[in-house]
Amino acid sequence: MASSNEMARHSDFYISTVTFLVEDCLFKVPREPFQQESEVFCDMFSLPQGDNTVVEGLSDENPIRIDGTRKDDFEQLLKALLHRKYDSQPNMPHGIEQWTSVLRLSTRWSFEKLRQASIDGLMESGIGAIDRVVLSQQYHVTNWLLPALNELAKRPEPITLEEAKRMGIDIALKLASVRERGTVIARNNCGYYGNHQPNDNDVVISSCRDPRIQNGDFSDQIRSTFSTFNL
């Protein structure tokens, strides 16, 4: 029988693993996807190890500690990373919450392909306009912001206080300005004043959101109002 020194490791079916500690949970997973798809982990694994250094990640006793990360988020990242690689769709993340976990960590650790998969997964899950505004700012999904703001500018329902808090006061006020301009146009078109020209003393008791607004396009007004956002 050949000794271990004479045995060759198969190029495809000899898996190198790595052990992570996230919160109070150990994860032992293939190392290759992390090294191939994440710039952060590729750099981490490329760091030289001293002769007397205990290498982290090779055992349960010396795992790589991932601080500031929820184990539930890490689990969703692993599902997307590993099951996508092996085309196991039933085990992939599902729904907005799980794909948001993947977006969060893939952005943090520079998994570019996985990040795009999470963006696609969120869109397929029917993520709403408010969530797209919030996540576009948190995780730099730049092509979400303009369409989401346009959708909110056109919708007949007003922006709620809770929605404004989630988006942030700056975005909420700018969006309110865009919506108000659309409402003023609609008021004039709805004939509130008849032949009378409106002035500062006029009081409008109810707003009129012309149904045609829902089919309009506020993109130019949004770009002008949100000029610092590089839309």
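Predicted model: local features only at pLDDT ≥ 70, side-chain atom pairs only at ≥ 80, totals over all residues.

Student: Which numbers describe a pair of packed helices?

Tutor: Two packed helices are described by the angle between their axes and the distance between those axes. Here, take H6 and helix H7 (residues 142-154): the angle is about 150° and the axes are 9 Å apart. H6 and H7 are therefore roughly antiparallel to each other, and their crossing is left-handed.

Student: Which residues make the contact between H6 and H7?

Tutor: On the H6 side, Ala129, Ile130, Arg132, Val133, Leu135, Ser136 and Gln137 take part. H7 contributes Trp144, Leu145, Pro147, Ala148, Leu149, Glu151 and Leu152.

Student: How should I think about spacing along a helix?

Tutor: An α-helix has 3.6 residues a turn, so residues three or four places apart point the same way.

Student: How many residues of H6 are buried?

Tutor: Helix H6 (residues 129-139) is mostly covered, with 8 of its 11 residues buried. Those are Ala129, Ile130, Arg132, Val133, Val134, Leu135, Ser136 and Tyr139. Just past the end of H6, His140 has a positive phi of about 60°.

Student: Where does Asp170 sit, and what does its side chain touch?

Tutor: Asp170 belongs to helix H9 (residues 169-190). Its side chain makes a polar contact of 2.6 Å with the side chain of Lys174. Asp170 is partly exposed because its relative accessible area is 38%, between the 20% and 50% cut-offs. Asp170 also shows how sequence and space can part ways: Phe226 is 56 residues away along the chain, but 9.6 Å away in space, C-alpha to C-alpha.

Student: How many disulfides are there?

Tutor: The test is whether two cysteine sulfur atoms lie within 2.5 Å, and the count comes to 0 disulfides. As for accessibility, Cys25 counts as partly exposed because its relative value is 26%, and Cys42 is partly exposed with a value of 26%.

Student: What does the overall layout look like?

Tutor: The protein has 10 helices and 3 strands, in the order β-β-α-α-β-α-α-α-α-α-α-α-α along the sequence. Of its 231 residues, 38% count as buried. Among contacts between residues at least 6 apart in sequence, 57% join residues at least 24 apart.

Terms used. Residues numbered from 1 in each chain as written. Heavy atoms only, no water. Buried < 20%, exposed > 50% of the residue type's maximum accessible area, 1.4 Å probe, protein only. Helix = DSSP H or I, 4+ residues; strand = E, 2+ residues; numbered from the N terminus. Polar contact = N/O pair within 3.5 Å; in protein donor to acceptor, adjacent residues only side chain to side chain. Axes fitted to C-alpha atoms, helices over the stretch in contact; angles between N-to-C directions. Parallel < 35°, antiparallel > 145°, perpendicular 65-115°, else oblique. Left-handed = near helix turned anticlockwise from the far one by under 90°. Contact = heavy atoms within 4.5 Å.
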